[in-house]
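Here is a short walk through one protein chain. Keep the structure open while you read.

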Amino acid sequence: MSFVMSLSLAVSCFIASVLATQAYSGSSTQSISTSPQCCAQLQAKLGSKVSFPGSPIFINEQNGASGYWAIAEQNVIPACRFTPTDTHDVATAVTELANLNCQFAIRGGGHMFWAGSANIAHGVTIDLTAMTDITVSQNHKVTSAGPGCRWKDIYNKLDPMNLAVVGGRADTVGIAGLTVGGGNSWFASRYGFVCDNVVNFEIVLASGKIVDANETHYSDLYKALKGGGNNFGVVTRFDYKTFEQGEFWGGFLVSVLSKFLLRNCI
Ligand SMILES: Cc1cc2nc3c(=O)[nH]c(=O)nc-3n(C[C@H](O)[C@H](O)[C@H](O)COP(=O)(O)OP(=O)(O)OC[C@H]3O[C@@H](n4cnc5c(N)ncnc54)[C@H](O)[C@@H]3O)c2cc1C
Ligand SMILES: *[C@@H]1O[C@H](CO)[C@@H](O)[C@H](O)[C@H]1NC(C)=O
């Protein structure tokens with residue numbers, strides 16, 4: 001399973017990494033502000049949504065109930081964490097951080113495996129934990145979800161309605177990182193990767209501008225976000241294609257290595 005997963009991620013990330021390299025080549029040579037400056041400026045604009053080491057919000061998001069999945073990531077300590085509650089908060093923060101040339105990380109559900117993917121030592125971590133709104137369109141064709149959602153939040157809402165989206169297999173995983181990374185699902189063989197089932201991304205660009213990226217609007221960005229990770233902005237809402245789904249059987253088939261079917265492949 002992990003082989004299939006990493007292969008799918010590798011394929012979908014390829015185009016994005018090419019684009020990301022181009023984006024980086026234009027990066028500024030302006031000096032980087034120190035983290036205390038960045039955190040102080042952010043706090044001046046956004047008040048108590050900025051938290052510091054030792055405070056309850058900070059601890060909760062590092063290694064408390066909303067903490068990171070990997071211990072290695074819990075051990076990365078930023079200078080401050082910023083917990084936006086809506087898209088405008090994110091836009092304000094990104095504008096400020098870009099103006100000051102501050103280093104920052106973006107955290108969705110905090111399930112990435114390695115240190116520094118969604119946290120940054122001595123920097124600023126934008127933690128999307130509090131952005132968890134979920135709405136289903138009236139015709140039941142689209143489910144919109146905030147980037148702080150985990151898959152279980154969406155499934156718990158859609159299951160009673162006999163609806164589903166193409167989402168992650170372990171339901172504690174964050175929707176944001178999984179979707180911008182490509183995303184493998186129990187439904188993948190029927191409907192494609194998770195990212196293939198996004199009809200629209202609301203995203204805050206490096207300029208602080210809030211845009212929709214979809215098939216007809218910012219269509220190049222829409223394509224790049226399907227596997228592009230955190231290279232293009234902070235996604236503040238995902239709109240997922242939604243379909244009717246009753247109950248179904250699922251599970252794992254486990255085999256000892258010596259009986260593994262690999263011998264049929266070589
Ligand atoms: C137990 C477990 C089960 C898993 N099951 C599956 C599975 O079934 N299918 C699958 O495909 N993968 C699976 N994964 C892998 C998972 O998809 C990745 O770890 C994914 O990055 C998790 O997303 P997150 O939001 O929780 O992670 P985070 O650690 O918060 O973020 C991961 C990356 O995405 C970036 N990012 C997060 N939010 C945003 C945003 N809003 N805008 C831009 N960039 C953002 C971060 O900066 C970081 O680089 C699993 C992982 C675990 C630990
Ligand atoms: C694409 O973005 C435009 C501009 O915001 C919006 O009007 C349109 O409804 C979006 N399309 C989808 C499918 O969300």
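D86 caps the N-terminal end of helix α5. One of its side-chain oxygens lies 3.2 Å from the backbone nitrogen of H88. This is a predicted model, where local features need pLDDT of at least 70 and side-chain atom pairs pLDDT 80 or more, while totals for chains, interfaces and linings use all residues. Residues are numbered from 1 along each chain as its sequence is written, and side-chain values use heavy atoms, without hydrogens and water.

Now follow α5 itself. It covers residues 87-100, which makes 14 residues. From first C-alpha to last it reaches 20 Å, close to the expected 20 Å (1.5 Å times one less than the number of residues). Helices here are DSSP runs of H or I with at least four residues, and strands are runs of E with at least two, numbered from the N terminus. Several α5 residues are buried, among them T87, D89, V90 and L97 (buried means under 20% relative accessible area, with a 1.4 Å probe and protein chains only). After α5 comes N101, with a positive phi near 55°.

Next, find H111. It sits in the loop between β3 (104-107) and β4 (124-127). Is H111 buried or exposed? H111 is buried, because its relative accessible area is 18%. Leaving out residues up to four places away in sequence, H111 touches W69, R150, T172 and V173 (contact means heavy atoms within 4.5 Å).

Finally, step back. The chain holds 9 helices and 11 strands. Of its 266 residues, 46% count as buried. Among contacts with a separation of 6 or more, 63% join residues 24 or more positions apart.

Conventions
Chains are lettered from A and ligands numbered from 1 in the order in which they are written. Buried means under 20% relative accessible area, exposed over 50%, partly exposed in between (1.4 Å probe, protein chains only). A polar contact is a pair of N or O atoms within 3.5 Å; within protein, one must be able to donate a hydrogen and the other to accept it, and residues adjacent in sequence count only if both atoms are side-chain atoms.
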